[in-house]
Amino acid sequence: FNISALQKMLKKYNVIVDFAFNGQQAIEKCIHQQNKICKCFYDIIFMDCQMPIMNGYDATIALKNMMYKSELPFRDIVGCTAFAMDKEIQQCYDIGMDDILTKPVDPQHLKMLLINRGYQEKN
């Protein structure tokens, strides 16, 4: 998934972006945020489904389990995938992802996704 293209689109909405390069690192960053080890605060998580070490599916399952156990605050997880087949999209929803972005990213879909979560496009 092209994270730099997504980052450029997110800047239009004043979204501050932090990166994880694999699913395990994404989990660690969320735990560090919760334990106030880092100064960041994650409103929304864009999860690449095809990351190395731990993929985005497994990372989402782990994060959602921590959220349900009140170990982490609830945050929307948006799956990011290059596979737009119904089967892959349904898999994202089945494991608990709250929304899906497919490649290439549809700017209108991203806009509605962000506006529905309270973000506004900057002037």
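Is aspartate 76 buried, partly exposed or exposed, and what is its relative accessibility? Aspartate 76 counts as partly exposed, at 26% relative accessibility, where buried means under 20% relative accessible area, exposed over 50% and partly exposed in between, with a 1.4 Å probe and protein chains only.

1. Basis of the note. The model is a predicted one, in which local features need pLDDT of at least 70 and side-chain atom pairs count only at pLDDT 80 or more, while totals for chains, interfaces and linings use all residues. Residues are numbered from 1 along each chain as its sequence is written, and side-chain values use heavy atoms, with hydrogens and water left out.

2. Salt bridges around aspartate 76. A search of the whole structure gives 5 salt bridges, a salt bridge being a side-chain nitrogen of Lys or Arg within 4 Å of a carboxyl oxygen of Asp or Glu. One of them joins aspartate 76 to arginine 117, with the closest N and O atoms 2.6 Å apart. Aspartate 76 belongs to strand 2 (residues 76-81) and arginine 117 to the segment after helix 5 (107-115), so this pair ties together parts 41 residues apart in sequence; helices (H or I, at least four residues) and strands (E, at least two) are DSSP runs numbered from the N terminus. Arginine 117 is partly exposed, with a relative accessible area of 26%, and a network of salt bridges links Asp76, Asp99 and Arg117.

3. Two further salt bridges. Lysine 29 is paired with aspartate 18, the closest N and O atoms lying 3.0 Å apart, and this pair links distant parts of the chain, since lysine 29 sits in helix 2 and aspartate 18 in the loop between helix 1 and helix 2, 11 residues apart. Lysine 29 is partly exposed at 22% relative accessibility, as is aspartate 18 with a relative accessible area of 38%. Lysine 111 and glutamate 121 meet through their side chains at 3.8 Å, N to O, and here lysine 111 is in helix 5 whereas glutamate 121 is in the segment after helix 5, 10 residues apart.

4. The largest pocket. Its volume is about 660 Å³, taken as the space filled by probe spheres set on grid points that are joined across faces, edges and corners. On a 1 Å grid over the protein atoms alone, a pocket is an open set of points with protein on both sides within 12 Å along at least five of seven lines, a cavity is a set where a 1.4 Å probe fits but cannot get out, and lining residues have an atom within 4 Å of a point. The lining of the largest pocket has 27 residues, of which Val17, Asp18, Phe19, Ile44 and Phe46 are the closest to its centre. Strand 1 supplies the largest share of that lining, 5 residues. By class the lining divides into 21 nonpolar, 2 polar and 4 charged residues, where Ala, Val, Leu, Ile, Met, Phe, Trp, Tyr, Cys and Pro count as nonpolar, Asp, Glu, Lys and Arg as charged, and the others, Gly among them, as polar.

5. The cavity. The whole structure holds 1 cavity of 30 Å³ or more, and the largest cavity has a volume of about 30 Å³. Residues including Cys30, Ile45, Leu63 and Arg75 line the largest cavity.
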